[in-house]
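Welcome, and thanks for taking a look at this one with me. Here are a few notes to read alongside the picture.

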Amino acid sequence: MIEAVGLVKTYGRSRALDGLTLTAGKGVTGLLGPNGAGKSTLIRVLATVLAPDGGELRLLGRDPGADRLEIRRRLGYLPQEPGFQRGFTVFEFVDYVAILKEMTHRRSRHDEVRRVIEEVGLTAVGGRRVRTLSGGMRRRLGIAQALLGEPELILLDEPAAGLDPEQRLSFGELIARLGQDRTVVLSTHQTEDVAALCDRVAVLKAGRCAFAGTPGELRALA
Ligand code: ADP
Ligand code: ADP
């Protein structure tokens with residue numbers, strides 16, 4: 001699903017990705033690392049929002065340089081700071097993202113919007129304005145829009161940030177369910193998150209992958 005070899009991404013003179021190599025398939029892969037390690041940059045490159053300056057990348061068996069639109073249709077992306085329309089209701093917001101994704105047929109689009117809202121457990125608050133939602137509900141809303149169109153690849157930037165322990169529990173169940181038949185990549189700077197949420201973990205350090213394996217293997221190193 002994801003094959004990256006020697007990825008480089010620079011911002012001016014700073015190398016956010018410095019020869020990063022990573023593969024990820026079905027299941028949940030966590031990107032773990034301190035602030036500035038390159039997690040968000042990597043997720044933005046995998047979402048084809050940013051083009052790498054060097055290295056090789058294949059996503060869903062395709063070349064993102066040549067097949068960007070096809071890849072975008074097949075992936076879902078939760079940015080670190082999602083641009084929620086806070087005055088919209090939950091339904092209106094997800095429907096708005098669906099329109100941006102060019103789901104033009106209204107009846108089937110609305111079915112899909114209801115489906116993803118149901119999948120993240122927000123059906124009961126579908127008519128509530130986004131600004132009135134709790135932090136945990138907003139995380140779920142961010143995931144709902146990333147599920148539109150049944151993507152095979154789901155990229156979540158810091159999806160668990162700011163959740164309390166109880167919210168984390170049900171959130172973990174949702175992530176595990178998503179990872180059953182899809183490729184999910186999420187970033188976090190908390191080691192506890194990878195043990196709770198991920199099948200595989202890649203530790204990023206200064207724009208490189210310093211470790212790749214299971215959470216258990218990572219723990220054995222510590
Ligand atoms: P992380 O998500 O692990 O915190 P980032 O990918 O956000 O890491 O950042 C990696 C490095 O790239 C950091 O040094 C950061 O300051 C720099 N960086 C990230 N985004 C930009 C940007 N838009 N312009 C300039 N530098 C950036
Ligand atoms: P175009 O000239 O066709 O509009 P651009 O090169 O301006 O394409 O890129 C449009 C967007 O797609 C930009 O955000 C760019 O970073 C991203 N992009 C371009 N090429 C790639 C690539 N090989 N992999 C990932 N993202 C890419």
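1. A residue counts as near a molecule if one of its heavy atoms lies within 4 Å of it. By that rule, the residues around ligand 1 are Tyr11, Ala16, Pro34, Asn35, Gly36, Ala37, Gly38, Lys39, Ser40, Thr41 and Arg44. Please keep in mind that this is a predicted model.

2. By class, this shell around ligand 1 holds four nonpolar, five polar and two charged residues. Helix H1 gives the most to it, with four residues.

3. The side chain of Thr41 places an N or O atom 2.5 Å from one, a polar side-chain atom of Lys39 lies 2.8 Å from one, and a backbone N or O atom of Gly38 lies 3.0 Å from one. Of the 560 Å² that ligand 1 exposes when taken alone, the protein buries 59%.

4. H1 itself spans residues 39–46, and seven of its eight residues are buried, so the helix is largely enclosed by the rest of the structure. Among the buried ones are Lys39 and Thr41, both also found around ligand 1. After H1 comes Thr48, with a positive phi near 60°.

5. Thr48 is also one of the residues surrounding ligand 2, including Val49, Ala51, Gly65 and Arg68. That shell divides into five nonpolar, two polar and two charged residues.

6. For ligand 2, look at the backbone: an N or O atom of Val49 lies 2.6 Å from a ligand oxygen, a polar backbone atom of Ala51 is 3.0 Å from a ligand oxygen, and a backbone N or O atom of Gly65 lies 3.3 Å from a ligand nitrogen. The protein covers 47% of the 540 Å² of accessible area that ligand 2 has on its own.

How values were computed. Residues numbered from 1 in each chain as written. Chains lettered and ligands numbered in written order. Predicted model: local features only at pLDDT ≥ 70, side-chain atom pairs only at ≥ 80, totals over all residues. Heavy atoms only, no water. Polar contact = N/O pair within 3.5 Å; in protein donor to acceptor, adjacent residues only side chain to side chain. Areas by Shrake-Rupley, 256 points an atom, 1.4 Å probe, with all protein chains shown as cover. Nonpolar A, V, L, I, M, F, W, Y, C, P; charged D, E, K, R; others polar. Buried < 20%, exposed > 50% of the residue type's maximum accessible area, 1.4 Å probe, protein only. Helix = DSSP H or I, 4+ residues; strand = E, 2+ residues; numbered from the N terminus.
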